[in-house]
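Okay, thanks for coming, everyone. Let me put the model up and then walk you through it.

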Amino acid sequence: MTKKDVAAGGFSTQERAALKERAAELKAEAKRTKGAKKAAAEEAEVLAKIARMPDGDREMAERVHAIVTTVAPDLAPKLYYGQPGYARDGKVVVFFRSGQMDKERYSTFGVSTQAALDEEGGLWPTSYALTEPTEKAWEQLGDIVRRAAGPQQS
């Protein structure tokens, strides 16, 4: 350490650089922990909401959850208007709405404007009715999730 370095703040240029680097690492680590805790809490909220759904809708919501978390693991579960949603960077891409909780005749699987489903013809669905879906319907829903979670549209 030179006298100039010590007089300037007690640390050499290298030591100051190392301190700044370590501070940045600690800040990033704190954000990751905070983010991980937040993500875990949001998923727990979604799972609790699904568990409270009436029979029929609960099973469909569980299946939607399993499909989304398998097909698009980068989408994070979070409540969306009090129902299960799946988001990228905090913005919901796809969601499930319980028909029984909404007092509707069917449940809904929907996509938001964040979904990458735009069609060249300028027309595409943004929601799908769910009433006792067949295995083929679940496969179609998986394809929709895969496409919706793809590259974001500009």
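So, to start: what percentage of the 154 residues in the protein chain is buried? Buried residues come to 32% of them, where buried means under 20% relative accessible area, exposed means over 50%, and partly exposed is in between, with a 1.4 Å probe and protein chains only.

Quick housekeeping. This is a predicted model, so local features need pLDDT of at least 70 and side-chain atom pairs count only at pLDDT 80 or more, while totals for chains, interfaces and linings use all residues. Residues are numbered from 1 along each chain as its sequence is written, and side-chain values use heavy atoms, with hydrogens and water left out.

Now the layout. The protein chain has 4 helices and 5 strands, and along the sequence they go α-α-α-β-β-β-β-β-α. Those are DSSP runs numbered from the N terminus: helices are H or I with at least four residues, strands are E with at least two. On contacts, meaning heavy atoms within 4.5 Å: of those between residues at least 6 apart in sequence, 47% join residues at least 24 apart.

On to the sheet. It's an open one of 5 strands, in the order β1-β2-β3-β4-β5, with antiparallel pairing; two strands pair if DSSP finds at least two bridges between them. β1 (76-80) and β5 (127-130) are at the edges with a single partner strand each, so one side of each has no neighbour in the sheet. From one strand to the next, the twist averages 25°. For angles, axes are lines fitted to C-alpha atoms, for helices over the stretch in contact, and values run from 0 to 180 degrees between N-to-C directions.

Let's zoom in on β4, residues 107-111, which pairs with β5 in the antiparallel sense over 4 bridges. Which residue in β5 is the bridge partner of F109? That's Y128.

What packs on the sheet? α4, residues 135-148, touches β3, β4 and β5, and its direction makes about 30° with that of β4. Then there's α3, residues 57-71, lying across β1, β2 (83-88), β3 (91-97), β4 and β5, and running at about 150° to β3.

Those two helices also meet each other. α3 and α4 pack at about 45° with their axes 9 Å apart, and are therefore oblique to each other. The cut-offs there: under 35 degrees is roughly parallel, over 145 roughly antiparallel, 65 to 115 roughly perpendicular, and the rest oblique. From α3, the contact uses M60, R63, V64, I67, V68 and V71, and from α4 it uses E135, W138, L141, G142, V145 and R146.

Last topic, charges. There are 7 salt bridges in the structure, each being a side-chain nitrogen of Lys or Arg within 4 Å of a carboxyl oxygen of Asp or Glu.

R146 and D143 both sit in α4, 3 residues apart, about one turn of the helix. R146 is partly exposed at 47%, and D143 is partly exposed too, at 41%.

D102 and R97 form another, at 3.0 Å between the closest N and O atoms. Here D102 is partly exposed at 28%, and R97 counts as partly exposed at 23%.

Finally, D55, R58 and E59 are linked in a network of salt bridges. Within that, E59 and R58 meet at 3.5 Å, N to O, and E59 is partly exposed at 37% relative accessibility.
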